[in-house]
Amino acid sequence: MDDQMSLLKGFLGTDPSKVKPCRDPEGDQELYDTPPAEHLPCEDGKCDGSGMLPPPDGDPVGRWSHCSCTKKQRQRARLERLAKQSLMPPGLLEKRFKGFQVARAREQAKRVRAWVDQFTPHGPGLLLYSRENGVGKTHLAAAAANTLLSKGHAVLFVLVPDLAGKLVQRDEHPQEIVQAMMDAPVLVMDDIGQSEEGAAEWRRAELRRVLFNVLTHREQNHLPIIGTTNLGTKRSFDDALGKAATSRLFGLCDGWAISFAGLEDYRLRGFQE
Ligand SMILES: Nc1ncnc2c1ncn2[C@@H]1O[C@H](COP(=O)(O)OP(=O)(O)OP(=O)(O)O)[C@@H](O)[C@H]1O
Ligand SMILES: [Mg+2]
Ligand SMILES: [Zn+2]
């Protein structure tokens with residue numbers, strides 16, 4: 001897990017240990033907008049906010065014990081850290097099954113929910129596909145990922161079209177990105193098969209090579225993905241990814257490749273001719 005964290009830190013580009021506090025130019029005092037946090041009140045109303053409970057009266061040994069609030073705080077801090085390390089954009093961290101209008105994609109929503117319920121760390125992945133835009137693929141992929149995050153699973157989100165650019169920029173740590181994509185316990189790949197607008201052919205080829213390697217590694221190590229794509233036909237998958245990568249992608253999501261074909265674009269729901 002520590003290895004994973006350091007890789008993801010590289011991916012984040014903001015290694016917290018390198019973030020320096022703002023210093024007062026006149027002195028060597030650290031500047032704070034607000035004073036350093038005092039103890040917050042205990043959420044269980046038991047301790048003085050320090051997280052420690054004094055020994056009960058008359059206890060001959062006199063040992064202090066941890067208050068129940070510390071466990072909850074640690075748990076919350078861990079979930080916050082997982083959400084941050086997932087690199088999910090804030091708009092996607094908000095997506096839930098609850099906010100999804102099921103009537104628009106009933107079968108698909110039920111299947112995605114069922115996938116989450118049967119999830120195991122080395123079980124099958126999930127692939128949501130359709131040529132149609134705005135039908136809820138990314139929404140449901142994010143809702144699934146957020147449910148896993150809330151259960152403590154480490155997730156890494158990658159917007160595939162962004163990847164081509166990142167892979168050729170030194171300051172984006174291409175090797176770390178690829179390694180993190182290979183090793184993340186759960187990898188969300190949004191918009192598989194898309195490249196950046198107007199990307200040169202050699203960059204597309206590099207992206208295809210990386211996707212192939214990532215899919216191969218994850219298949220061999222039984223590591224699940226959550227993928228979305230606008231590819232809708234076998235031919236378009238083969239053309240965009242190559243036959244071997246397509247085969248691995250569907251193999252990884254065995255039984256859980258869910259088509260959203262024929263649904264209406266939610267983004268255009270207010271559109272009138
Ligand atoms: N059934 C739904 N209920 C509520 N919101 C929805 C529903 N379907 C889509 N949306 C919303 O519409 C927007 C577009 O949906 P989403 O991004 O999931 O579509 P998509 O299928 O991934 O589209 P694209 O193929 O263009 O990537 C999002 O803001 C999403 O939350
Ligand atoms: Mg999408
Ligand atoms: Zn307490």
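Which residues in α8 meet which residues in α10?

Residues are numbered from 1 along each chain as its sequence is written, and chains are lettered from A and ligands numbered from 1 in the order in which they are written.

The protein chain averages a pLDDT of 87, and 86% of the residues score at least 70; pLDDT is the predictor's confidence in each residue, from 0 to 100. Two stretches call for caution. Over residues 1-5 pLDDT stays under 50, and the model has 2 contacts for them beyond four places in sequence. Over residues 10-24 pLDDT again stays under 50, with 17 contacts beyond four places in sequence. A contact here is a pair of residues whose C-beta atoms, placed from the backbone, lie within 7 Å. Where pLDDT is low, the predicted coordinates should not be read in detail.

The protein chain has 10 helices and 7 strands. These are DSSP runs numbered from the N terminus, helices being H or I of at least four residues and strands E of at least two. Of the contacts in the protein chain with a separation of 6 or more, 78% are between residues 24 or more positions apart. Buried residues make up 29% of the 273 residues. The term buried requires 20 or more other C-beta atoms within 10 Å of the residue's own, exposed requires 12 or fewer, and partly exposed lies in between, with C-beta atoms placed from the backbone.

I return to the opening question. On the α8 side, the residues are R208, L211, F212, L215, T216, R218 and E219, and they meet A244, A245, R248, L249, G251 and L252 in α10. By class, this contact comprises 7 nonpolar, 2 polar and 4 charged residues. In this classification Ala, Val, Leu, Ile, Met, Phe, Trp, Tyr, Cys and Pro count as nonpolar, Asp, Glu, Lys and Arg as charged, and the others, Gly among them, as polar. The axes of α8 (residues 201-220) and α10 (residues 243-252) come within 9 Å and cross at roughly 35°. Axes are lines fitted to C-alpha atoms, for helices over the stretch in contact, and angles run from 0 to 180 degrees between N-to-C directions. The crossing of α8 and α10 is left-handed, that is, the near helix is turned anticlockwise from the far one by less than a right angle, whereas clockwise would be right-handed.

S247 also lies in helix α10. Its C-alpha atom is 9.9 Å from that of T216, a residue 31 positions away in sequence. S247 counts as partly exposed because it has 15 C-beta neighbours inside 10 Å.

How do the other helices pack? Helix α9 (residues 234-241) meets α10 at an angle of about 115°, with the axes 7 Å apart, and the crossing is right-handed. F237, D238 and L241 of α9 make this contact with K243, A245, T246 and L249 of α10. The residues involved divide into 4 nonpolar, 1 polar and 2 charged.

On α8 there is a further partner, helix α7 (residues 174-183), whose axis comes within 8 Å of that of α8 at a crossing angle of roughly 30°. This crossing, too, is right-handed. V178, M181 and M182 of α7 contact V210, V214, H217 and R218 of α8, giving 5 nonpolar, 1 polar and 1 charged residues.

Next, the loop between β6 and α9, where L231 is found. Is L231 buried or exposed? L231 is buried, because 23 other C-beta atoms lie within 10 Å. L231 touches Y129, G193, S236, F237 and A240, leaving aside residues up to four places away in sequence. The C-alpha atoms of L231 and S130 are separated by 6.0 Å, although these residues are 101 apart along the chain.

Two backbone details deserve mention. Most residues other than glycine have a negative phi. D191, in strand β5 (residues 186-192), has a positive phi of about 60°. H222, in the loop between α8 and β6 (225-229), has a phi near 50°.

Finally, the ligand. Around ligand 1 there are 15 residues, the closest being N133, G136, T138, H139 and Y266; the shell divides into 4 nonpolar, 8 polar and 3 charged residues.

Technical notes: This is a predicted model: local features need pLDDT of at least 70, side-chain atom pairs count only at pLDDT 80 or more; totals for chains, interfaces and linings use all residues. A residue is near a molecule or strand if its C-beta atom, placed from the backbone, lies within 6 Å of it.
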